[in-house]
Amino acid sequence: MYNISDFVRLYKNMRGMARLRDVCRCSYAFVGIGGHSTDNLYPVLDYLHVPLKYVCCRSETKARLITDKFRDVTGTVSLDDILNDDAVKGVFVAATPAAHYDIAMKVLSAGKALFIEKPPCMSSAELGMLAGKAASCGSPVVVTGMQKRYAPVTKILSGRLRHEGRVSYNMKYLTGLYPEGDALAELFIHPLDYVCFLFGRAVVKGAARVAMAGGGETVMLVLEHERATGMLELSTAYTWGCPAEGLTVNTKHGVYKAEQMERLEYMPKHGALFGVPFEKVMRRNPVSVCLFGRNNFVPTMVNNQIFTQGYYDEIKAFVDAVEGRRNRCCSSFGDMAGTYALIDAVRRSL
């Protein structure tokens, strides 16, 4: 006779066996070893036991240190070492953004699967050339590093919005100064891509730029989608000490609020009678339902920010695709077309 403890042991055993069977058979390489890579991407590769054969960087000194630090990994300053090795099936690229386009072209020309961090390029024209190169090389697996598409909050929110009619939204993406690059293509690509992913292609109905003393800037946008209208505040004039990212979506039946990919809440509306809101007739306490919130009590992978921000699932999707397993890739070059069309339109509007 089975009891509850037997079922618990059976479940845990099945879960453990599934993890052990999830083995990577192919070899991979990584181009880049900057702060973002070591903080957010390499930990996921290590957790998934993705076998890296090479790590490519620009410094001979770093290359020697890589060989010393990583077991069974060769540090190199030559991208050709990777591209000419038939054993390497997939290449991760997280280098200087300005170099991404040229590196991606070379990786695709070699017929290897490509995971490339944002931004893969700087314009729609370049994105089209990357897509064309991928097609001419037999369409190898391509995943761009738009991790928010893979976040748990996104999965829940996109699923619920499919059943809503027309909606309105407002989004804030507020950081400190960004002197090291192109804020629109390298920072603001995140919120612009996010609203395109949730609501579809967008038309810029209004745009304004506010330049701040010290070099920061704020961009205010009004966007029109097929089934949504939204307002965005994108800024590098706040502070990195307390950056903020939030999305509020107003639907017929209720309001969704997402904060930093860490929490998603839903507040249902109480409706109206002959245009008179019930809330003004009968006192009702507002009810907020938590649809997702990161659990800080148990330090497992699903309760880690690397998971809730989407890094884990985007890399897992890429590796699964390369390994020939079922996957949920949703950020190919084709998937990014609407985002880059919007980036180009914002540049023209400003």
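**Close-up 1. Lys172 and its salt-bridge partner, Glu233**. Lys172 comes out as partly exposed, because its relative accessibility is 39% (partly exposed sits between buried, under 20% relative accessible area, and exposed, over 50%, using a 1.4 Å probe and protein chains only). Keep in mind that this is a predicted model, where local features need pLDDT of at least 70, side-chain atom pairs count only at pLDDT 80 or more, and totals for chains, interfaces and linings use all residues. Residues are numbered from 1 along each chain as its sequence is written, and side-chain values use heavy atoms, with hydrogens and water left out. Lys172 forms a salt bridge with Glu233, with the closest N and O atoms 2.8 Å apart (a salt bridge puts a side-chain nitrogen of Lys or Arg within 4 Å of a carboxyl oxygen of Asp or Glu). Lys172 belongs to strand E7 (residues 167–174) and Glu233 to strand E10, so this pair links parts of the chain 61 residues apart (strands, E, are DSSP runs of at least two residues, helices, H or I, of at least four, numbered from the N terminus). Glu233 is buried, since its relative accessible area is 11%.

**Close-up 2. Asp193 joined to Arg149**. Here the two side chains meet in a salt bridge, 2.7 Å from N to O. Asp193 lies in helix H9 and Arg149 in the loop between strand E6 (142–145) and helix H7 (152–161), so the pair ties together parts 44 residues apart in sequence. Both Asp193 and Arg149 are buried.

**Close-up 3. His225 in its loop**. Look for His225 between strand E9 (217–224) and strand E10 (228–235). His225 counts as buried because its relative accessibility is 4%. A polar atom of the His225 side chain lies 2.8 Å from the backbone oxygen of Gly200, and the side chain also reaches the backbone oxygen of Arg201 at 3.4 Å. Leaving aside neighbours within four places in sequence, His225 is in contact (heavy atoms within 4.5 Å) with residues including Arg166, Tyr169 and Val195.

**Close-up 4. The largest nonpolar core**. This core has 67 residues (a nonpolar core is a set of buried Ala, Val, Leu, Ile, Met, Phe, Trp, Tyr and Cys residues joined through side-chain atoms within 4.5 Å). Among the members that touch the most others are Tyr169, Phe199 and Leu223. Helix H9 (residues 189–199) gives the most to this core, with 7 residues.

Conventions
Polar contact = N/O pair within 3.5 Å; in protein donor to acceptor, adjacent residues only side chain to side chain.
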